[in-house]
Amino acid sequence: MNFSLFLTELWNARLSLLSGLGDTILISVASVILGSVLGVFVGLAMTYGAKWLRFVVRLYIDFLRGTPVFVLILACFYILSVVGLDLTAFQAGVLALTLFCSSHVGEIVRGALSAIPQGQTEAAKSVGLTFGQTFVYVLLPQALRQILPTWVNTATEIVKASTLLSIIGVVELLLATQQVISRTYLSLEFYLFAGFVYFLLNFVIEQAGRAVERRISIP
Amino acid sequence: MSPILTISGLHKSFGKVEVLKGIDLTMQQGDVVSLIGSSGSGKTTLLRCVNLLEDFEQGSIELAGQSIGYKQEGGQRRRLSEREIARQRAMTGMAFQQFNLFPHMTAIRNVMLGLIKTKKMPKDEARAIAEKWLERVGMGQRRDHYPGQLSGGQQQRVAIARAIAMNPQIMLFDEVTSALDPELVAEVLAVVRDLANEGMTMLLVTHEMRFARDVSSKVVFMHQGRIHEEGAPEQIFGAPKTERLQGFLANSEF
Amino acid sequence: MNYDFNFDVIWRNWDLLAEGLGLGLFLAIVSIAIGCGIGLLAAFGMLSRHRTLRWIAVAYVSAIRNTPILVLILFCYFALPQLGIALDKISSFVFTLSIYAGAYLAEVFRSGLVALPKGLREAGLAIGLTEFKIKTNIIIPVMFRNVLPSLSNNFISLFKDTSLAAAIAVPELTFYARKINVESFRVIETWMVASMIYVVACYVIAALLRRLELRLAVPR
């Protein structure tokens, strides 16, 4: 391993790597936010929906969770271009990760909601809250605390899955790294470097999650 | 006749807390000794020292002529090897408060395990012995049941069979009925009583005062890590000398 | 949308897809078997009294769990040869997936071990078993049965992760799906069928493992 050469090349490649990192973060943040919003609706439908709706949503979740993310990304990328939806590789990738994230979040939300004792809903009803109010003031705050650890875990999964977008040509951190490698032939050094950056990203997410968890924990 | 168990000057600490502050106790073959006392008095710790489930810092335990757990070498106190200690543990049998049966094995496999793995017995021989002992504790019919399929009392009887099948020099009973529902206590005590009547040497920690009185040859009352009073059951329960023991007995259920 | 569905090319390449599925399953099975061994060692390492051992195990588990698997795959296949470890595609992928599985299973086994009542070990000691025999005869078998459901989930994830072998041209299901896609342009059909195969395979595996769990579970 030639460390000083690696440092030189790292410095030379700093802009493309930083822009790759930026894309990785953008992809992850967009997918997690969109996927979580969609996932909350999925979870709600699973818990409180009519029978047919629950069935449809169940299929949706099972399909998305049974398909490898990679296949999902390839499918979104190839299929959407054929049906005339002109999405860039970046958009197709974010769409795939959003769907993936929503199935996970849906499952988490359903689990958390159904873990809240029936008595909570009944108590809320008995003081005259509507379903919407019950959900917003009683159920959601309780569910959120339970959701948080698994949700943070999903976020790190999404960061890791964002690397798969490199295969459809999105120049996120991994593809940016690979481009540097193809120029410098320092595969060992730069793959280790990329692995380390992902490790840091996930580490930061986890620590942030723990900090929030501590703050909102019910005494 | 030389005693089978001699405990002398036993000290044991958990960190800074000294839980046994110099215990001396001897037992002859066939003795049944009950340890009584409030929780925290050190009685369970004492029992667990006899088979080295707890290490001890000072003093010695001698079982059937062997120094248990430690040896003196050139003035140094050295812990025996893991293998040696395992062999010594097999000289004692122990029944636990929580039974601790191996949940992935049937009753008979539970009893056979030590015979096969520790005593290196052939399977057939181990099976025969296990069957005999399960029969003796009234569990012959359920030998192929898993622990999860048995009641607490039944599990404890299997656990006792598992311990005694090893043909130990002494049986140690650690509050064997404490985790049982009241209606299941009697069946377990009956098994213990039978063993006592047959001349098994036994050291038991118990909260069942009536049982201790009926079955013991000697009762030892422990308090704050020391033996506070000891004697024949009639004397301990009939004419307790110390105030502490009188107070303890007054608060115990008979 | 104006698209004529035509599944002919899929049916014609049915054997390829089946072969790819078979290879994927094979890769997952081998990897989880090796991964169980690694995971067990790492789990005991994490619970070890020796600080160095503990540190190594924890470092391994958190490093692998926080690194994207694609990076690991590419690293093992393209970078390790620089260190003199040159493996062919399939071995390299199995190597990666085993190490990857090991880190996740280590966490599963660790919590399984921690959850065991400590009386089990003591009961083993009391009948004169050595620490090693207690581990092999009691602790590991009981823990294993208790964590079977997590083990099944991990296996299914691993099976899905075999799709990534396509990234280094291991001819499994996703690889063939891409090939058919590129050669035939039956885009929708190809990806519909490919993902359906994965979904159905996951269902079937889950159902089979569920039955296995019931068979192996400690009776109660």
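Predicted model: local features only at pLDDT ≥ 70, side-chain atom pairs only at ≥ 80, totals over all residues.
Taken along the principal axes, the C-alpha atoms of chain C fill a box of roughly 75 × 50 × 30 Å. Chain C has 220 residues, and 54% of them count as buried.

The chains can next be looked at in pairs. There are 2 pairs of chains in contact, and chains A and C share the most contacts. Here, 34 residues from chain A meet 34 residues from chain C. About 3000 Å² is buried between chain A and chain C, with 72% of this area on carbon and sulfur atoms. The count of salt bridges between chain A and chain C is 0.

Chain C also meets chain B. In this pair, 27 residues of chain B are in contact with 21 residues of chain C. The buried area between chain B and chain C is about 2100 Å², and carbon and sulfur atoms give 67% of it. The count between these two chains is 1 salt bridge. It brings together the side chains of Glu122(C) and Arg48(B), at 2.6 Å from N to O. Chain A and chain B, by contrast, do not touch, and their nearest C-alpha atoms are 27 Å apart.

Empty space is worth a look as well. Rolling a probe the size of a water molecule over the atoms shows where such space is left. The second largest pocket holds about 960 Å³ of space. Its lining is made up of 23 residues, and those nearest the centre are Phe44(C), Leu47(C), Ser48(C), Glu131(C) and Lys135(C). The elements that give two or more residues to this lining are α2 (14–46), α3 (51–65), α5 (89–115), α6 (119–126) and α7 (131–146) of chain C. Sorted by class, the lining of the second largest pocket has 14 nonpolar, 3 polar and 6 charged residues.

Phe90(A) belongs to helix α5 of chain A, which covers residues 89–115. With a relative accessible area of 25%, Phe90(A) is partly exposed, because that value falls between the 20% under which a residue is buried and the 50% over which a residue is exposed. Leaving aside neighbours within four places in sequence, Phe90(A) is in contact with Asp23(A), Leu26(A), Ile27(A), Leu165(A) and Val170(A). Phe55(A) lies 35 residues from Phe90(A) along the chain, and the C-alpha atoms of the two are separated by 31 Å.

Thr184(A) is found in another helix of chain A, α8, which covers residues 173–184. At 15% relative accessibility, Thr184(A) counts as buried, because the cut-off for this class is under 20%. Not counting residues up to four places away in sequence, Thr184(A) touches Glu9(A) and Phe190(A).

How values were computed
Residues numbered from 1 in each chain as written. Chains lettered and ligands numbered in written order. Heavy atoms only, no water. Helix = DSSP H or I, 4+ residues; strand = E, 2+ residues; numbered from the N terminus. Buried < 20%, exposed > 50% of the residue type's maximum accessible area, 1.4 Å probe, protein only. Contact = heavy atoms within 4.5 Å. 1 Å grid on protein atoms, 1.4 Å probe; cavity = no way out; pocket = protein on both sides within 12 Å on 5 of 7 lines; lining within 4 Å. Points joined across faces, edges and corners; volume = space filled by probe spheres on them. Nonpolar A, V, L, I, M, F, W, Y, C, P; charged D, E, K, R; others polar. Buried area = accessible area lost by both parts, 1.4 Å probe. Salt bridge = Lys/Arg side-chain N within 4 Å of Asp/Glu carboxyl O.
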